[in-house]
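Hi,

Here is the structure I promised to pass on. Have a look at it first, and my notes follow below.

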Amino acid sequence: MPVEFISRGYDTTADKPYTEVFWGNAHSVVPIGSSTYGVRGTGDWKVSPVVGADRTVSIAPGYGWGCGVTDQTVANETLQFDTNGAGTRYDLVVVRRDWTPTAGVSKFMVVKGSATKAIPGTRKSGPGVEDDQPIALVPIIAGQTQPGPIIDLRCWAGNGGVVAKDVLALGYLAQLGAAVLIGAATWRYRFGANSTPGWFSDAPDINPIALSGGYAALGAGLGAPQTRKHADGRVYLGGAIGASGASVNVDKAAPNRFKVGEVDATHLPEAIEVLEPIATASMGKVFLYVYPTGHAKAGWIEFEASVAAGVIPKSAFSILLTGGLSWAAA
């Protein structure tokens, strides 16, 4: 027996009108106007596998909203998924809102997916007619009775912000002006190149530095050498470089510059950048050179030591890429 939905917002639900109390709650406790979809709390409509049951999940009771309708369920509901003959199929759990009957109806449904880990294209999107609010993506694995790890697609909204747990939720939240916090990154749906709308994140684009022969990540808890490009176009170095072999030889004629690696092409500076990292004391002052697009050494990182210190043993060689070393990307 499907769980009962207590719904408000359909034009025929005269027995459940928006009284002053419910109208107030709809804009505070369940903030219907804050986003197209959402749920109230962290446990509302959470989807979990049912241990011991075949291809079955349980949906916790709670409050949610979508396209002008608020819904409440007061008991768990279970849904069983169709069998899968091969591989993994990703099925979508939704709240389907149907305005077409004499009295509008909300209910939990399964939208069968495919081997693609994404919201199925068959999801209904028709506010005022039939519309599906995504709740979770459930992997159904051939030969297994228990679903795979469930992907939480719920979102929460209030006072000008939307929070979600997985980037797959962006698939149903795409609307110009949308701002969604997932983890520590904010995603914005805005115009990009050629006025084409799309999602853009303020999370840094991180790429490893491809180290040259003779060099390796120093370790010691300092991280692998990398560049981080932020939304403002600023590129920061990170990590530390050490020797991969027994030693490094810096006893060469001036200018004693040595290639230690290459930077990703999308992170290059506009002009040659000269940076001063913390490095092995025996080399005196050390400078890093980062070469821009169009240069004969485009993408290279070289270091130059003010003192030709000869052969430096591995245990004594280090170049730290910390301390805010950065440049403006081209």
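Which residue in E15 is the bridge partner of Val162? It is Val180. That bridge belongs to the pairing of strand E14 (residues 161–164) with strand E15 (residues 179–182), which is parallel and runs over three bridges. Before I go on, some housekeeping: this is a predicted model, so local features need pLDDT of at least 70 and side-chain atom pairs count only at pLDDT 80 or more, while totals for chains, interfaces and linings use all residues. Residues are numbered from 1 along each chain as its sequence is written, and side-chain values use heavy atoms, with hydrogens and water left out.

On confidence (pLDDT is the predictor's confidence in each residue, from 0 to 100): the protein chain has a mean of 91, and 92% of its residues reach 70 or more. Helices (H or I, at least four residues) and strands (E, at least two) are DSSP runs, numbered from the N terminus.

Back to the sheets, where two strands pair if DSSP finds at least two bridges between them. E14 and E15 sit in an open sheet of five strands, ordered E13-E14-E15-E16-E17, with mixed pairing. Its edge strands are E13 (155–158) and E17, each pairing on one side only. Neighbouring strands here are turned by 25 degrees against each other on average, direction ignored; the axes are lines fitted to C-alpha atoms, for helices over the stretch in contact, and angles run from 0 to 180 degrees between N-to-C directions.

At the E17 end, E16 (residues 185–191) and E17 (residues 197–201) run antiparallel, joined by five bridges. They form a hairpin with five residues between them, and Asn194 in the turn has a positive phi of about 55 degrees. Phe200 is worth a click: it is the bridge partner of Arg188, and Arg190 lies over its face, at 3.8 Å from the ring centre. (A charge sits over a ring if NZ of Lys or CZ of Arg is within 6 Å of the ring centre and within 35 degrees of the ring normal.) Arg257 does likewise, with its charged end over the ring of Tyr289, 3.7 Å from the centre.

There is also an open sheet of four strands, E18-E21-E22-E32, with antiparallel pairing. Strands E18 (205–208) and E32 (326–328) stand at the edges with a single partner strand each, so one side of each has no neighbour in the sheet. The twist averages 20 degrees from one strand to the next. Inside this sheet, four bridges join E21 (residues 226–229) to E22 (residues 234–238), and Gln226 stands opposite Gly238.

Now the aromatics: the whole structure has ten aromatic pairs (ring centres of Phe, Tyr or Trp, the last by its six-membered ring, within 6.5 Å; planes under 30 degrees apart are stacked, over 60 edge-to-face, the rest tilted). Tyr215 and Phe317 make a tilted one, 6.1 Å centre to centre with 45 degrees between the planes. The pair links distant parts of the chain, 102 residues apart: Tyr215 is in strand E20 (residues 215–217), and Phe317 in the loop between E30 (311–313) and E31 (319–320). Both are buried (under 20% relative accessible area; exposed is over 50%, partly exposed in between, with a 1.4 Å probe and protein chains only). Together with Phe258 and Phe303 they form one aromatic cluster.

Cheers
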